[in-house]
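Let's take a friendly walk through a protein model, one part at a time. Keep the 3D view open as you read.

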Amino acid sequence: MRHATPFADEALGSPLRLLVIAPTATAEAAWGAVRVEMAAVDAALSRHREDSELILLNHASPGCIPVGGRLRHALALAWRAYRSSLGRFDPRIIGALEAAGDRAGVPLPSSPARLRPEERWLRADRHRRGVLAPVDLGGIGKGLALRWSAERIRRLGVRDFLLEAGGDIVAAGSAPGGGWRVSLAGPDGQRPLAVLELPVASVALATSAQTRRRHIIDPATLRPVDGPARQATVAGADPAWAEVRSKLAILAGTPAGTERAWWYGADGRLRATASAREWVAWEALSPSASSAAC
Amino acid sequence: MTFEAETLHAPTGEWCAGCGEQIIHGQSVIRLEAGLVLAERRFDALIMRPTVYLHAGGGYDAGYDVADRWCATPEGFQAALALLSVHGEAGPSGH
């Protein structure tokens with residue numbers, strides 16, 4: 001019987017957990033690599049640290065400053081998400097985010113009262129970057145932290161692991177008794193909505209929710225989004241893109257265009273795309289929870 | 001694994017794995033938590049496992065003005081154990 005070694009700590013302001021199936025020394029090396037990566041991402045991308053590269057970039061706005069590889073990657077991904085979503089995903093909402101009450105406690109330069117659509121807000125040359133307005137990378141930072149941590153684990157030769165950071169997950173290989181099983185928590189700490197069985201070799205899960213903190217901002221209005229979807233979980237190959245798509249699902253009201261998604265609406269019903277439904281162990285939940293399923 | 005009965009004395013936001021309803025002030029619950037029993041019966045909860053509750057009546061002396069509810073049925077335990085049998089928890093972090 002294979003044995004999974006558990007590790008737990010905090011990173012990026014959230015719980016960090018790793019289950020890894022490997023010899024003890026390799027498992028400990030994997031955990032060490034994850035913690036190193038999480039610390040590096042925190043130093044580069046956090047909006048909760050005055051000395052992070054992101055905050056320095058925001059204070060330099062609209063000027064350009066030299067930035068490291070992690071922030072360059074994150075900005076490039078945020079830019080692609082902004083372009084491919086036609087501006088629905090917009091990292092320039094940081095001022096509205098703070099105004100809505102999700103304060104990081106770090107002084108920021110002022111944000112524009114309205115976001116200009118189609119604006120080329122990212123400036124770049126070889127090693128320098130600049131933003132025309134302060135930005136928040138939000139879930140992209142966590143998604144990238146998971147992506148890069150998983151890459152470090154794989155480089156150690158580990159195939160089977162489950163890495164969880166603040167509710168986002170990368171699952172690789174298989175668990176000791178079969179597929180990895182993951183419960184899906186509801187918004188605002190409500191009861192689990194479902195138990196997911198992950199039958200594929202590698203998958204990332206990311207969840208966005210409009211919780212009491214109301215931290216998902218509509219770029220068009222710069223007000224907290226008040227659509228029909230309260231929480232959305234997206235499964236995909238990459239945790240950073242799954243994070244972007246889960247946020248877009250909240251902004252769009254439904255997760256159209258996502259291959260595997262679960263979403264919890266304001267009417268209290270849990271829904272799933274057809275491809276996602278087969279991953280849900282509905283029977284694991286209470287009768288009242290099951291009756292709410294589609 | 002141990003099963004413990006306790007009475008919650010304040011609204012906690014906890015919910016019952018059996019009926020899916022929130023546990024309200026004064027209701028008795030059975031708490032299910034996976035962990036190791038160490039020397040002198042000291043309990044050490046496992047990481048990566050949730051704590052799960054089941055309604056177990058209206059209070060030890062039945063004197064509370066709350067709805068009496070019993071969810072510690074075989075079906076309730078089955079639902080509770082399914083939630084304990086997970087490797088991780090996905091969900092919103094608020095970030």
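## Overall size of chain A

The radius of gyration is taken over C-alpha atoms, and the globule rule puts it at 2.2 Å times the number of residues to the power 0.38. For 294 residues a compact globule would come out near 19 Å, and chain A has 19 Å, so the two agree. Along its principal axes, the C-alpha trace of chain A spans about 55 × 50 × 30 Å.

Some ground rules before we go on. This is a predicted model, in which local features need pLDDT of at least 70 and side-chain atom pairs count only at pLDDT 80 or more, while totals for chains, interfaces and linings use all residues. Residues are numbered from 1 along each chain as its sequence is written, and chains are lettered from A and ligands numbered from 1 in the order in which they are written.

## Confidence and make-up

The score pLDDT is the predictor's confidence in each residue, from 0 to 100. Chain A has an average pLDDT of 89, and 94% of its residues score at least 70. In residues 287–294 of chain A, however, the pLDDT is below 50, and this stretch has 16 contacts in the model beyond near neighbours in sequence. Here, two residues are in contact if their C-beta atoms, placed from the backbone, lie within 7 Å.

Chain A holds eight helices and 15 strands. These are DSSP runs numbered from the N terminus: helices are H or I with at least four residues, and strands are E with at least two. If we take the contacts in chain A between residues at least 6 apart in sequence, 62% of them join residues at least 24 apart.

A residue is called buried if 20 or more other C-beta atoms lie within 10 Å of its own, exposed if 12 or fewer do, and partly exposed in between, with C-beta atoms placed from the backbone. By that count, 51% of the 294 residues of chain A are buried.

## A sheet within chain A

Two strands pair if DSSP finds at least two bridges between them. One open sheet in chain A has three strands in the order E3-E5-E4, with antiparallel pairing. Its edge strands, each pairing on one side only, are E3 (64–66) and E4 (122–124) of chain A. On average, neighbouring strands of this sheet are turned by 30° against each other, direction ignored. For such angles, axes are lines fitted to C-alpha atoms, for helices over the stretch in contact, and angles run from 0 to 180 degrees between N-to-C directions.

E3(A) and strand E5 (residues 128–131) of chain A run antiparallel and are joined by three bridges. You can find A:Ile65 opposite A:Arg129 in E5(A). Helix H2 (residues 53–60) of chain A packs on the sheet, where it touches E3 and E5 of chain A, and its direction makes about 60° with that of E5(A).

## Enclosed strands

Which strand has seven of its eight residues buried? Strand E10 (residues 202–209) of chain A does, so it is largely enclosed by the rest of the structure. Strand E7 (residues 168–172) of chain A runs antiparallel to E10(A), with four bridges between them.

## Where the chains meet

The contact between the chains takes 40 residues from chain A and 23 residues from chain B. On the chain B side, helix H1 (74–84) and strand E6 (88–90) each supply at least two residues.

A second open sheet, with mixed pairing, has three strands in the order E9(A)-E8(A)-E6(B). Its edge strands are E9 of chain A and E6 of chain B. E8(A) and E9(A) run antiparallel over five bridges, with A:Val182 opposite A:Leu196 in E9(A). Strand E8 (residues 180–184) of chain A pairs with E6(B) in the parallel sense over three bridges, and A:Leu184 stands opposite B:Ala90 in E6(B).
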